Amino acid sequence: MKEIKDAQIIVVKVGTSTLTYPSGMLNLRRIDVLVKTLCDLQNSGKKMILVSSGAVSAGLAKIGFVRRPETIEEKQAAAAVGQCELMNMYDSRFSFYGHKVAQILITRFTVESDAMRRNAEGTFHVLLNMGCIPVVNENDSVSYEGIKFGGNDLLAAYVATLSKADCIINMSDVDGLYDKDPRTNPDAKLISRVEKFDDELFAMAGGTGTVRGTGGMKAKIDAALIAAHAGIPSMVVNGANPEILYDIFEGKTPGTLFCACEKK
């Protein structure tokens, strides 16, 4: 855990299921704890980056949709409204603890275009040196299938490479990776450390995520693999109590640690 405990630039990803209630409305109590914890870690000398889902859900709640949107245009409209809601909420809460936030919205094209990638790297570098906490999301209001990341698990991995981060903490609605599905196997065991990405590992991943989220354990392993090849370790932990971040940076392993691959 030394590679995590001593990390200085940290990407924390929170999924929709962590940020919202089953109703789809924002879980304000949990968000307040998350923001306070991130600010405290920033105060300790670390540089925090937040990859936040929740724009579509926040938009649906704001607009008053009683059903999940079916068309791309409806989802993009909900994301456009919801992103304003998210950033207003984050700005007020981070400001309360004396910290500045900066919104960064990207698509896969940002990573694949050499010019845009260099611009994004420079933006992260300057913001972190200014003491800002970047709040990152996919640009869902204009994004389409060809340029989407396919979920914020993968987005967090690419944000970590763009920002030259030391680690990723993926906060989800699961405790980590189990050797079997814990929902149907009471004897399932939590795997605390993964050093090898092989077929056996991906066989443990299972299916997709929840109704409110797009991810699942497979997406988290895919993201961990991208980060690992970039020399960046990552952890999947349960985000029900965001103060779990303190345990992580005290050297504990409350979830699953995916080790970085050795650089050749």
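This briefing walks through the sheet, cores, helices and aromatic pairs of the structure above. Please keep in mind that the model is predicted. Its eight-stranded open sheet has mixed pairing and runs in the order β3-β4-β2-β1-β5-β7-β8-β6. The largest nonpolar core has 36 residues, and a second, separate core has 28.

**The sheet and its strands**

- The sheet ends at β3 (101-106) and β6 (193-194), the edge strands, each of which pairs on one side only.
- Strand β1 (residues 9-14) pairs with β5 in the parallel sense, and five bridges connect them.
- Within that pairing, Val-11 has Ile-168 of β5 as its bridge partner.
- On to β7: five bridges also link β5 (residues 167-172) with β7, again in the parallel sense.
- Here Ile-169 is the residue standing opposite Met-235 of β7.
- With strand β8 (residues 256-258), β7 runs antiparallel, and three bridges join the two.
- Met-235 has a bridge partner in β8 as well, namely Leu-257.

**A closer look at β7**

- How many of the five residues of strand β7 are buried? Five of the five residues in 234-238 are buried, so the strand is largely enclosed by the rest of the structure.
- In a regular strand, side chains alternate between the two faces of the sheet.
- In β7, Ser-234, Val-236 and Asn-238 point one way, while Met-235 and Val-237 point the other way, and all of them are buried.

**The nonpolar cores**

- Which residues touch the most other members of the largest nonpolar core? They are Val-12, Tyr-90 and Ile-169, out of 36 residues.
- Helix α3 (residues 28-43) supplies the largest share of this core, with six residues.

**Met-87 in helix α5**

- Met-87 belongs to helix α5, and its relative accessible area of 13% makes it buried.
- Once neighbours within four places in sequence are set aside, Met-87 is in contact with Val-101, Ala-102, Gln-103 and Val-135.
- Ser-52 is 35 residues away from Met-87 along the chain, and their C-alpha atoms are separated by 10.0 Å.

**Helix α4 and its cover**

- Helix α4 spans residues 55-63, and its buried residues are Ala-55, Val-56, Ser-57, Ala-58, Gly-59 and Leu-60.
- The elements covering these buried residues include α2 (16-19), α5 (72-96) and β4 (133-138).
- Just after α4 comes Gly-64, which takes a positive phi of about 95°.

**How α7 and α8 pack**

- Two packed helices are described by the angle between their axes and the distance between the axes.
- For helix α7 (residues 114-129) and α8, the angle is about 75° and the axes are 9 Å apart.
- That angle makes α7 roughly perpendicular to α8.
- On the α7 side, the contact is made by Arg-117, Ala-120, Glu-121 and Phe-124; on the α8 side, by Val-159, Thr-161 and Leu-162.

- Lys-164 is not a glycine, yet it has a positive phi of about 55°.
- Where does Lys-164 lie? It lies in the loop between α8 (152-162) and β5.
- Is Lys-164 buried or exposed? Its relative accessibility is 53%, so Lys-164 counts as exposed.

**Aromatic pairs**

- Three aromatic pairs turn up in a search of the whole structure.
- One of them joins Phe-96 and Tyr-97 edge-to-face, at 5.0 Å centre to centre and with 90° between the planes.
- Phe-96 counts as exposed at 67% relative accessibility, whereas Tyr-97 is partly exposed, with a relative accessible area of 33%.
- Phe-197 and Phe-258 form a stacked pair, because their ring centres are 6.1 Å apart and their planes are at 25°.
- This pair links distant parts of the chain, 61 residues apart: Phe-197 is in the loop between β6 and α9 (199-203), and Phe-258 is in strand β8.
- Both of these residues, Phe-197 and Phe-258, are buried.

How values were computed:
Residues numbered from 1 in each chain as written. Predicted model: local features only at pLDDT ≥ 70, side-chain atom pairs only at ≥ 80, totals over all residues. Heavy atoms only, no water. Core = buried A, V, L, I, M, F, W, Y, C linked by side-chain atoms within 4.5 Å. Buried < 20%, exposed > 50% of the residue type's maximum accessible area, 1.4 Å probe, protein only. Helix = DSSP H or I, 4+ residues; strand = E, 2+ residues; numbered from the N terminus. Contact = heavy atoms within 4.5 Å. Pairing = 2+ DSSP bridges. Phe/Tyr/Trp six-rings, centres within 6.5 Å; stacked < 30°, edge-to-face > 60°. Axes fitted to C-alpha atoms, helices over the stretch in contact; angles between N-to-C directions. Parallel < 35°, antiparallel > 145°, perpendicular 65-115°, else oblique.
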